[in-house]
Amino acid sequence: MRIKEKTKEKRRRLLIGFRKAEIRAGYLFILPAMLLFSLFLWLPIVTTFFLSFTRWDIVSPLQWAGVQNYQRLFNDEILLKSFLNTAVFAAGTVIPGTVISLLLALLVRKKIPGITVFRACYYVPVLMSWVAVSLIWLWLYESQLGLLNQFLQQVGIPQQSWLGDPKRALLSIMVVCLWQGVGWDMLIFLAALQGVPEVLYEAAKIDGANVWHCFWHVTLPWLRPVTLFVVVGYFIWACRMFTPVYTMTRGGPLYSTSTVVYQIYMYGFTRLRMGLASAMSFVLFAFIFVASLIIVRIMEPTER
Amino acid sequence: MNTILIRLCHYVVLLIIAIIMLMPFIWMVSTSLKPDVEIFSLPLRLLPKTPRLSNFTDVISAANFPRYLANSFIVATGKTILELFFASLAGYALARLRFPGRQYIFLLILASFMIPYEVLVIPIFILVKRMPLAGGNNIFGQGGTGGIDTYWGLIMPGALSPIGVFLCRQFFKALPFSLEDAARIDGSSEFGIYWRIMLPLSKPLLAVLGILTFIRGWNEFMWPLLITRSTKMKTIQLGLATFLTRDTINWRLLMTACLISVIPMILIYLLGLKYFTKGIAFTGQK
């Protein structure tokens, strides 16, 4: 009897030892990640908030500025235009981007011979850096020698100024961004499409569904959660736009392509107005956060 | 007959779209093979009359270009190593180890997806500049320039991403139950389980995550723009942008430099394609 109790006790202690080691390891293993996230993600948000109430150029001492930065934000023409441009950019790329990515995914879904080549081709723009993409399109958009204008001339359309016309420049950049980005979400949609159970289609066909019915009543509902993910993804991506603006137009002409992040760069790092730039950063962050919640609410109204 | 027609139309559409997607890239390659004479003469041709490779040697022997490439390589590799190690460690812990609060921590990391780093550049810049005991700083982080214009300043911020931790956690969650228990009974430490059992099983995950992180590090622009001061620390993306600041843009060299900067990414993607499409094969418990 005693021996049985002794071994039971030993086993109990052993298992407790394992549990303790497991808990210790758990905290230890996530420690580096938590540290890095705290330093470079969570703490900076708080710091941005506080800095937005100051006036600082790093070299001189910190000055308290109250709500001056926010007042400047809502009264400055250029800054307001930048916010507007960013909103237009987001609105103008999210829906076309999502639709195009979905169409591409549907197009490359079937495993016909050579389809992997096409999938890879559509993904190549995503691999390229924003700088490379911007430079190539700068060359394509060139007024005299650019491929686009030359091509249009061949079909009888006169040369256009793609990046020099204030009414057109933002649209030109949006096209570039869409070109670069649709491949990424195409892959996301593709992965989701490959997860649709065949039985759903079979059941629908038994009920007499044709191709369109299959798509509308089986495929689309299945894609609902992924579509939400893609839409929010595009939205945040659009709000972050900086490099194409910096490389192609420097915010011009006449601030028609200036985005919020570009102004954060200009005010924060060329004019050293850290307080004002922080205010812009925080407003953008709040905008992205709130807008994302709204999008989720709109697209996913049912509480699960 | 009908199916053949549909199939043909399908291929035609695929081809047209492929041309649209690849045309800018093809045009860049075409320009990089042409002499100035051909680039500036009309009508434009796709295939150069007198192709030449000397553009490539011109660019590579241009001031600092190899240095830019090396810097990009160092930064991308640094970020990849950090991401692979720490994200897999954290992802494994969140997926397989049971400790109090892990659900909340995971939700917190998940919510951090949405935070774009562009809105955080200012505090991160200040943090790097005021890093104690770095780059001439005292213990309070004052006096010197901290991590500005250093490799650490380039690599550390944004090295680890919430998406990385998320992907790792999802992957480890899908592995068979109680792999670890057998190892524990055999006397292995928790870290030993991670290092000797989990990591080898996660090769496809590490390949995909590694490739994505490397590409991300190579293509990064805004942060290197802000954190580098001297020419010798610039990455290739910054180096490309400097071709623009002259009064007349040298399109020939610019397009060639662009191509050189893009080729490594395409190569890596093609090499990694095998891992992207390979199924995940578990070996289960041994």
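Q: Let's start with a definition: buried means under 20% relative accessible area, exposed over 50%, and partly exposed in between (1.4 Å probe, protein chains only). This is a predicted model, in which local features need pLDDT of at least 70 and side-chain atom pairs count only at pLDDT 80 or more, while totals for chains, interfaces and linings use all residues. Residues are numbered from 1 along each chain as its sequence is written, chains are lettered from A and ligands numbered from 1 in the order in which they are written, and side-chain values use heavy atoms, with hydrogens and water left out. With that settled, is L254(A) buried or exposed?
A: L254(A) lies in the loop between helix 10 and helix 11 of chain A; helices (H or I, at least four residues) and strands (E, at least two) are DSSP runs, numbered from the N terminus. It has a positive phi of about 55° without being a glycine. Its relative accessibility is 67%, so L254(A) counts as exposed.

Q: I58(A) also has a positive phi; what is its relative accessible area?
A: Most residues other than glycine have a negative phi. I58(A) is not a glycine, yet its phi is about 75°, and its place is the loop between strand 1 (54-55) and strand 2 (63-64) of chain A. I58(A) is buried, because its relative accessible area is 11%.

Q: Which peptide bond into P253(A) is cis?
A: Most peptide bonds are trans. P253(A) belongs to the loop between helix 10 (243-249) and helix 11 (260-270) of chain A. With omega near -10°, the cis bond is the one from G252(A) to P253(A).

Q: How much area is buried between chain A and chain B?
A: Contact here means heavy atoms within 4.5 Å, and 78 residues of chain A are in contact with 83 residues of chain B. Buried area is the accessible area (1.4 Å probe) that two parts lose on being put together, summed over both. Carbon and sulfur atoms give 82% of it, and the total is about 7,800 Å².

Q: Across that interface, how many residue pairs are in polar contact?
A: A polar contact is a pair of N or O atoms within 3.5 Å; within protein, one must be able to donate a hydrogen and the other to accept it, and residues adjacent in sequence count only if both atoms are side-chain atoms. With both residues at pLDDT 80 or more, the number of pairs between chain A and chain B is 13.

Q: Which element gives the most residues to the side of chain A that touches chain B, and how does that side divide by residue class?
A: The most is given by helix 1 (residues 2-51) of chain A, with 24 residues. For the classes, Ala, Val, Leu, Ile, Met, Phe, Trp, Tyr, Cys and Pro count as nonpolar, Asp, Glu, Lys and Arg as charged, and the others, Gly among them, as polar. The side divides into 62 nonpolar, 11 polar and 5 charged.

Q: How many residues make up the largest nonpolar core?
A: A nonpolar core is a set of buried Ala, Val, Leu, Ile, Met, Phe, Trp, Tyr and Cys residues joined through side-chain atoms within 4.5 Å. Y265(A), one of the residues with the most contacts inside the largest core, is in contact with residues including F242(A), M222(B) and L225(B), leaving aside neighbours within four places in sequence. The number of residues in this largest core is 187.

Q: What is the N to O distance between R240(A) and E118(B)?
A: A salt bridge is a side-chain nitrogen of Lys or Arg within 4 Å of a carboxyl oxygen of Asp or Glu. R240(A) is partly exposed at 30%, whereas E118(B) is buried at 6%. Their side chains meet in a salt bridge, and the distance is 2.9 Å.

Q: How many residues apart are E220(B) and K79(B)?
A: Their side chains meet in a salt bridge at 3.1 Å, N to O. The pair links distant parts of the chain, from the loop between helix 11 (203-219) and helix 12 of chain B to helix 4 (residues 65-96), and the residues apart number 141.

Q: Is T235(B) buried or exposed?
A: T235(B) is in the loop between helix 12 (222-227) and helix 13 (236-242) of chain B. Beyond four places in sequence, it touches residues including Y68(B), N71(B) and E220(B). With 4% relative accessibility, T235(B) is buried.
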